[in-house]
Amino acid sequence: MEKLRIMSVFGTRPEAIKMCPLVKELSARDGIESLCCVTAQHRQMLDSVLKVFDVHPDWDLDIMTPRQTLSSITSKCLLGMDEAIDALKPDMILVHGDTSTTFAGALSAFYHQVAVGHVEAGLRTYDKYAPFPEELNRVLTSSIADLHFCPTAGNRENLLREGRDAGVFVTGNTVIDALKTTVREDYHFSTQALNRLPYGEKKVILVTCHRRENYGEPMKNIFLALRQIAEEHRDVELVYPVHLSPVVREAVDQFLRGAPRVHLIDPLPADEMHNLMARCYLVLTDSGGLQEEAPALGKPVLVLRRETERPEAVAAGTVKLAGVVQDDIVTMASRLIQDRQAYEKMAHAVNPYGDGNACRRIADAIEWRYGLRKEPPADYRS
């Protein structure tokens, strides 16, 4: 009997962190041949994650170019996927989340009449321009997908409201699976500046900021807020692994470089980022994944956006929306720096995103879909 050929498609660093554990889980199943196709929408940052998880792609589209546009990413993904699908002949294609790679991978699978599984399905803000382009990417992918792997019951409810009630599973988020393999108490950073940080003596704040909808005035406000926080709180050290986007780097140089107690470093490999998060005091971010990762490590998160597609974390109390107004960001961060009770309330809230078994549930669901297992997996319950 031929093995079931499942091809995982991803192209960015966050996707890789969440998909590599699943690639390896599928590889461990006797009835499945786990294939991996990367678009390299983010080349350097993707490769660092592949190295950490020891994942070796079967196909590499290598599409990244300087100052690439959404149209160029999508069109090159579609053309490259034609060749990959024809060569690897998958029975199902798995895509993740909401990137241009996600939508293009799902659309290409549809053109080839190959089934699609959507990992991290059902997230919504109901504003097609926020986050941009992610919100519409995931909505369109839901229209194509045959199996929907939702991190939470709330994500499933979103899909049910849209009339998608077949092939929907609540699995938890695969990023929690990833953390189980990367975070270690005895971890030693290869980035020496991180080994020298005074974690026990000062409050180390981890910062990320890169989203397209924050380009321009919002990013300026965020960076000025970060500068003010560092200037006003001498017991704080800010660490910002700066995204490789030229737009982000130009704004950092203009508004943030030279600020006291602000450490601007290059993007970190997944294991370094996770272990820095485990040692930090607080996370300020416009990322999606960090809203799931940080609470699993007991770290409060202030989201540098106007909205979030992860309302479960807000409801649980692990995450608060700080927005993109300078004074609001400074006020909310300062309270967590100065008010121990407010900090502890967020730090000890229950993380709603999983128990580290999401990859197992997804693999079980795929096996059930193709008759390799008698029963579907039980839903994850937070």
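Trainee: What percentage of the 382 residues of the protein chain counts as buried?

Mentor: Of the 382 residues, 59% count as buried; the term means under 20% relative accessible area, with exposed over 50% and partly exposed in between (1.4 Å probe, protein chains only). This is a predicted model, in which local features need pLDDT of at least 70 and side-chain atom pairs count only at pLDDT 80 or more, while totals for chains, interfaces and linings use all residues. Residues are numbered from 1 along each chain as its sequence is written, and side-chain values use heavy atoms, with hydrogens and water left out.

Trainee: How many helices and strands are there in the protein chain, and why is the chain called as compact as a globular protein of its length?

Mentor: The protein chain has 16 helices and 13 strands, which are DSSP runs numbered from the N terminus (helices: H or I, at least four residues; strands: E, at least two). Its radius of gyration is 20 Å, close to the 21 Å that the globule rule gives for 382 residues, so the chain is as compact as a globular protein of that length. The radius is taken over C-alpha atoms, and the rule is 2.2 Å times the number of residues to the power 0.38. Along the principal axes, the C-alpha atoms fill a box of roughly 65 × 40 × 40 Å.

Trainee: What makes strand 10 and strand 13 the edge strands of their sheet?

Mentor: Six strands form an open sheet in the order 10-9-8-11-12-13, with parallel pairing. Strand 10 (262–265) and strand 13 (319–321) each pair on one side only, and two strands pair if DSSP finds at least two bridges between them. Neighbouring strands of this sheet are turned by 20° against each other on average, direction ignored.

Trainee: How do you know that strand 11 and strand 12 pair?

Mentor: Three bridges join strand 11 (residues 282–285) to strand 12 (residues 301–303), and the criterion asks for at least two, so the two strands pair.

Trainee: Why is the pair of Phe169 and Trp368 called edge-to-face?

Mentor: Rings of Phe, Tyr and Trp (its six-membered ring) pair if their centres lie within 6.5 Å; planes under 30 degrees apart count as stacked, over 60 as edge-to-face and the rest as tilted. By this rule there are seven aromatic pairs. The centres of the Phe169 and Trp368 rings are 6.0 Å apart and the planes stand at 80°, so the pair is edge-to-face. Phe169 lies in strand 7 (residues 168–170) and Trp368 in helix 16 (residues 358–369), so the pair ties together parts that are 199 residues apart in sequence. Phe169 has a relative accessible area of 6% and is buried, whereas Trp368 has 34% and is partly exposed.

Trainee: What makes the pair of Phe223 and Tyr240 tilted?

Mentor: The angle between the planes is 55° and the centres are 5.8 Å apart, so the pair falls in neither the stacked nor the edge-to-face class. Phe223 lies in helix 9 (residues 217–232) and Tyr240 in strand 9, so the pair ties together parts that are 17 residues apart in sequence. Both Phe223 and Tyr240 are buried.

Trainee: What makes strand 5 largely enclosed by the rest of the structure?

Mentor: Five of its five residues are buried, so strand 5 is largely enclosed. Ala115, Gly117 and Val119 point one way, and Val116 and His118 the other way. Five bridges join strand 4 to strand 5, which run parallel, and His118 is the bridge partner of Val95.

Trainee: How do you know whether Thr174 and Glu367 are buried or exposed?

Mentor: Thr174, in helix 7 (residues 174–182), has a relative accessible area of 2% and is buried. Its contacts, meaning heavy atoms within 4.5 Å, include Lys18, Pro21 and Val119. Glu367, in helix 16, is buried at 7%. Leaving aside neighbours within four places in sequence, Glu367 is in contact with Arg29, Ile32, Leu372 and Arg373.

Note on methods:
Axes are lines fitted to C-alpha atoms, for helices over the stretch in contact, and angles run from 0 to 180 degrees between N-to-C directions.
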